[in-house]
Structure formats: structure tokens, C-alpha cells
Amino acid sequence: MKHLPSVFTFVIKTCAGARGLRRFLRRTAARTGLPALLLTAILAAPSVGRAGTFVFGDSGADMGNYWAIPEIAMPPGSPYFRGSDGLARLSNGPMWPELQFPGMRTWADPHRSGDRINYAFGGAKSDRELSPDEITPQAEFGLLSQLDLFDTDIAAGKTSVAAGSTAFLYAGTNDLFEALTLGQDVDAKIADIVANLKTAVNRLAERGVSKIYVSEVADFAYAPAFLGLDLSAEQRALLETTLNGITENTRQAVRSGLAQPVVVQGKRVDVIILPLNRLFQAVRANPGAYGFTQVTGSIYDVSADRMLVPDVSQQTGYFFLDSLHTTAHAQALEGRFYRAFLNVGEGWEQRKVARLTDSGISALDTIRRTIEAPRASGTLVTRPGGAWDISLLTPVSVDRYEGGDGRPSLRVDTEAFLLGMRWPRIPTPNLQLTAGYLNQDGKADSNGLRFDSNGPVVALSNRIPLGWADLGASVSRGWLRMKTTRSSDASLVFPAFETRGKTDLGIEQATLNLSRRYAREDDWAVELSVGGRYSRATLDGFHERGDLGMDLTYSKTRYESARAVTVAVFVAPEWTAASWLRIRPELAITSEYEFGDRDTTVRAQLPDTPGLWLDGTLDRGDRWRAIAEPRLQLRLSQHALATLSYSYERSGSVERHSFWLNLSQRF
């Protein structure tokens, strides 16, 4: 690597008819502070509540700090966007932090306060300085200096670090620029970048930040600043190879240098490297898929202070605003790309799988309620003759889970075709075998998750009269094949980032309860019961892969819960409306305690880094659950029954609404 600067110099000296690249970079730096190329670290993250979110780095995240430096004047004809705070960005629209974290303030804003502050400066290196040094020799706004500003704000009470706080770091590109323009040792500069990033990570960890995202440097050989040089094909190939070698070595060194776990006061701090370069490669390979028509040219010439594309209607297809910085459209695109990676770090993927397993549990709940419906209404009349007693059951249910514990809202539609079979002559005439086929369709609001699953189900149930009470028991099992899709119309993704996955979902449930009914013939009934049920859903080998996102693998992931029904009250008056119709409104109120509710462990493999995995778990723990279920049963004849019910279930902040319809016909 130490020979690269000389090769770089050779390319510059042989650029016939071109401005010397060194002089070009210095002129650009004089105008822009040489902020990091290609938005080195445009990120976006899901809301992290009121835990702090802090941004450090260069122009890839700067919301106005750079142009607020008194020694730096913004070109009068520039298209740089000014936010509501009056500070100019290095793009023609809002930057990713203000898009993803509403209310985030810039350090240069004198009114800054709160838990969302942006300390990034255009032109910042990974040390204490801007690049090149001669722009503002007295100003130190590099990455490590930004951490000093952060410490000062904490001491002054302008901000604080709460549990779960997140930080974003973007640095390294400007260090490489300085090494190339000043003829410095590139290997030594890369080592400095790694050392400075490690220092920054440790300092943030000591302040209480629990999750730190570090963006990698991108291949800046494809920016207009370099593509605009007048080079021969051979010279351009040499330049591209040289620069790409530098950036690749930097990426590898940073990954290696930050691979060791960071532990502060016995707690592990997650350090996640975000692969910005992968997005840039995809955009260059297929611009149209991401809404771009031009990825090599720019809208504005900062050196001449001249608009190259004055027609605003033609600017929307450009990736680059000037020779170094990207447009607002690119900012938004990069934010959506990084959301896929940040979702794992913030636990969204774990919660998504929890919702998928919830759907399996709701399927078995539908089967259980279907089996119990005829009993609750009084057993349907058995046809004489002693042959098999067969009933057709066709339940349809809609379950909706609302918010809570960070999960997306979910709607699950379930339909089933079931046959219940009994042999009346055996000693326990209530023993019933139920088998059939079940189909589910699910949709999660606001995050684009869709899934469908289907497969066979089987259940065995019995109810044994004990004289003073009835003992009920059932076991059920389902084998579902599930397919998932992350819809392309969701706000979290863009058209070329559609993820698909499929898995086997195994669902099991066992119930046991003791009940006593107090009834008056053809009038009303009250039933008290106590018991419990155990449910388990297993995702076997779930694998999800997106065009640009990470590979997500769930291997033998289990969701388990053992629910003890502490008390259930069932009230049901009944009257005859006509010779063919008996109406029975019912109300069931249940209080449950859920033991050991456990969700999943997610392993997310980053693309292009087969040895790096992100692991996450979600354990909700024990909780109380209250359920109210009004039902309406219509006995159409001695052998036909229709049941319509609605149930409302609440556990903490999680709500579940279920609508259920079942038609039973005995043959």
C-alpha cells in the first residue's frame, strides 16, 4: 500500500489537458471544506423512543454545522438547502437525520437541547481536524473534537444519555483525501482512521451509549470529481483500481479493528458496521430501479459557482448534487436502505418473527374455539344408529393485534375446513377427533410485511363428566408452510428492495380445565372453570433474503407460553325465537397469567461479510392477560349450529381483537 501515493501522483502528472487533481481538490476544499464523498454514512433508523440519538462525522450527516463556521462562506449561487433553523445543508434537501429523527437539532443551533443532537461537520476527519488543515487552522471540528463538544453539552445540561441511546459515526473518507492530496503514507492514514474510530467508540460507550453504528467508506472513484477528469482509458482504469484498492483496504481494516466486543461496566455495547458501499454499487448497476437517470454527472459546479442543470424538473433524476455530494432523493434512498440493517439492531426483526408465531397461536385458538362451540351451546343431537357421528366445521376468524412492546399491528385472517368425528358407543362419548385444512393470510401495518400460510391441522378433544364437575382436555397440532413478503409499497423499503422468505411453522397446543356449570333448563347457564393451556410455535429454518438487504436466518426458533386460566365466568341465557331457531347470547370473561412467554433469537448476516453476524433476542417475560368474549349462537335445527363471537384481549399495552364465525353441521 505504501506505493499507492506515488502511483496516484503518476496518474495526476500524466493527465494531459486536465487540471492537476491536487489543485482541483484544493480548490474544491476551499469552497466546501472537502466534506466526505458520496455521503459516507447516510443512515436512517427506526424510532428509538426517547433514548438519545447522536450523530457524529462528516458531510454525510452534517445538518448545517459546516456552513456555520465563520471562516467559510457559502457560494452565492449554490442550491444548498436551508432548514427551518436557517442553517444550510450540503444537499438540496433535508438530510437523513432530520428525516428519520424529527426534532433533531444541530450543534450550531444556539437553541439546541434534548436527546437528539447532530455534531457532524462537513470536511471532518477521524481525528480532531477538518481537511485540509489550511482552511481553518484554528478550528478543530473533527470526529474526536465533536466528542468534546458532546461532553461539554452533557456537562452544561443541554443533553443527556439515557438507557438505549444510539450513536452514528461517519469518518475516514476525508482522511484518505488528505493523504492522497498531500502525498502522505496511505497505510499509516488507514491505521490512524481505525485507531480514532476505536477511541470514539470507547468514549461513547463510557458515556452510556448502548448501540453504535459505524458507516464504512464508499468507493469514491465514481464521484463526478474523479469521473470528470480528462484521462485516457488506461489512465482511468489505473486511477479506479488505485482508489478502489484504498477504500477496500480501509473497509477491511475498520471491520477488523472494531471486531472485538466492547464491554463497559459489565454491559456489552453493540458496534455495527453499515455497508454503504453495497448500495452505491447497486445504484450504479441499475439506476432506473431506484429512480435515477444520471449517476455520473452533477447538477452544480461548486468551483465555478454555476448550475449545470438549471431546469428543476430535470434535477430529480440526479444522484449527485455537486462533484462530491448527493441529492435529497439519494439521501432518502440511502435512509431507506439502511433501515433494513437498523431494524435488526433495534429489534424489529425479532418482533416481526414474534408476530409470525402469534399467527400460529391464533390458528390453534380458532380450532379450539371451534371444537368447544357446540358443547357451549349444549351438545348437538346425535343421530341414532351408533355409527360414526360426523360434523362439518367451517370457522372463519379475523385476529388483530394492536401495537405494544414495539411490535407492528397485525391482522390475521384464518379460514378452515374441518371434520369432527365421534364414536358414540365408546365409554367417553365426548371424545372427538377433528382434522382438516387451514389457511391464513396476514398483514402488518406500516412496515409492509405480508404472509400467507396453509397446511393440515388435527386435534383430539374430550370432556369427561365427573358428577360434580367436568374435566376437559385437548391437544392440537398444525403443520403450516409459511411464505412472507416485505411489500415494495411500504415506507421502509423501495421498489428494488423486496424481501421474500419461506419457512415451516409448527404449532402445538394442549389444554386442561375443570369446570362446573349451573344451569336452568331452557333459561340460562353459568359456568366457572379453572385450568390452563400450553402453546408453542416453531419456525424451522426460516430464511429471508432481500435484493439489497441482509440475509436473515431463523433456525429452530421457538415461541412458548404456558397460560394458567385463573378464573373464567360463562353466562348464557337462551330462548326460542321460532320453531326452527333458538338464540343463545353468551358472555365469557377470563383472566389468565402467562408464564415464560419467550420469543426468538435472530441471526442476521450482513452482505459481503460472511463472518459477521448480528444476534438479537426478545423475551417479554410473564404477564397478566384479561379476555372478554361476547358470543351469539343460533341453533338452526337439532343438527345445525351457527356461532358468532368477538373477543377483546389485553395484556399490558398489547391488544388483540378477534372476530370469529363458525358453522357446524352434524351428519
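Me: How far does helix α4 reach from its first C-alpha to its last?

Reply: Helix α4 (residues 143-156) has 14 residues and reaches 20 Å, close to the 20 Å expected at 1.5 Å a residue. The expected span is 1.5 Å times one less than the number of residues. Helices here are DSSP runs of H or I with at least four residues, strands are runs of E with at least two, and both are numbered from the N terminus. Before we go on: this is a predicted model, with local features needing pLDDT of at least 70 and side-chain atom pairs counting only at pLDDT 80 or more, while totals for chains, interfaces and linings use all residues. Residues are numbered from 1 along each chain as its sequence is written, and side-chain values use heavy atoms, with hydrogens and water left out.

Me: Thanks. Which residues of α4 are buried?

Reply: Leu143, Leu144, Ser145, Gln146, Leu147, Leu149, Phe150 and Asp153. Buried means under 20% relative accessible area, exposed means over 50%, and partly exposed is in between (1.4 Å probe, protein chains only).

Me: And what covers them?

Reply: The cover includes strands β1 (53-56), β3 (116-118) and β4 (166-169), along with helix α6. Contact here means heavy atoms within 4.5 Å. Just after α4, Gly157 takes a positive phi of about 80°.

Me: Which residues other than glycine have a positive phi?

Reply: Gln265 is one of them, with phi near 50°, and Asp305 also has a phi near 50°. For context, most residues other than glycine have a negative phi. Gln265 lies in the loop between β6 (262-264) and β7 (267-274), while Asp305 is in the loop between β9 (300-301) and β10 (306-307).

Me: Is Gln265 buried or exposed?

Reply: Gln265 is exposed, because its relative accessible area is 81%. Asp305 is partly exposed, with 23%.

Me: Changing topic to the inside. Which residues touch the most other members of the largest nonpolar core?

Reply: Phe56, Leu169, Leu204, Ile212 and Val214, in a core of 60 residues. Helix α6 (residues 186-207) gives the most to this core, with 9 residues. A nonpolar core is a set of buried Ala, Val, Leu, Ile, Met, Phe, Trp, Tyr and Cys residues joined through side-chain atoms within 4.5 Å.

Me: What does Ile212 touch?

Reply: Leaving out residues up to four places away in sequence, Ile212 touches Ala167, Leu169, Val201, Leu204, Ala205, Val269, Asp270, Val271 and Ile272. Another core, of 23 residues, lies apart from the largest one, and its members include Leu364, Tyr401, Leu418 and Leu505.

Me: OK, charges now. How many salt bridges does the structure hold?

Reply: There are 26, where a salt bridge is a side-chain nitrogen of Lys or Arg within 4 Å of a carboxyl oxygen of Asp or Glu. One of them joins Glu178 and Lys189, with the closest N and O atoms 3.4 Å apart. This pair links helix α5 (residues 173-182), which holds Glu178, to helix α6, which holds Lys189, 11 residues apart.

Me: Why does Glu178 count as buried?

Reply: Because its relative accessibility is 3%. Lys189 counts as buried too, at 10%.

Me: What does Arg533 pair with?

Reply: Arg533 forms a salt bridge with Asp365, and their closest N and O atoms are 4.0 Å apart. Arg533 lies in strand β19 and Asp365 in helix α12 (residues 348-376), so the pair ties together parts that are 168 residues apart in sequence. Both Arg533 and Asp365 are buried.

Me: Which residues are linked in a network of salt bridges?

Reply: Arg128, Asp148, Asp151, Arg203, Glu206 and Arg207.

Me: Last one, the surface. Which residues make the nonpolar patch?

Reply: Tyr518, Trp524, Leu528, Val569, Val571, Leu587 and Ile589 make a patch of about 570 Å². Strands β19 (524-545), β21 (557-573) and β23 (581-605) each supply at least two of its residues. Val571, in strand β21, is partly exposed with a relative accessible area of 35%. Patches are made of residues with over 30% relative accessible area and no salt bridge, where like charges are joined within 9 Å and nonpolar side chains (Val, Leu, Ile, Met, Phe, Trp, Tyr) within 5 Å. Accessible areas come from the Shrake-Rupley method with a 1.4 Å probe, and for residues only the protein chains shown count as cover.
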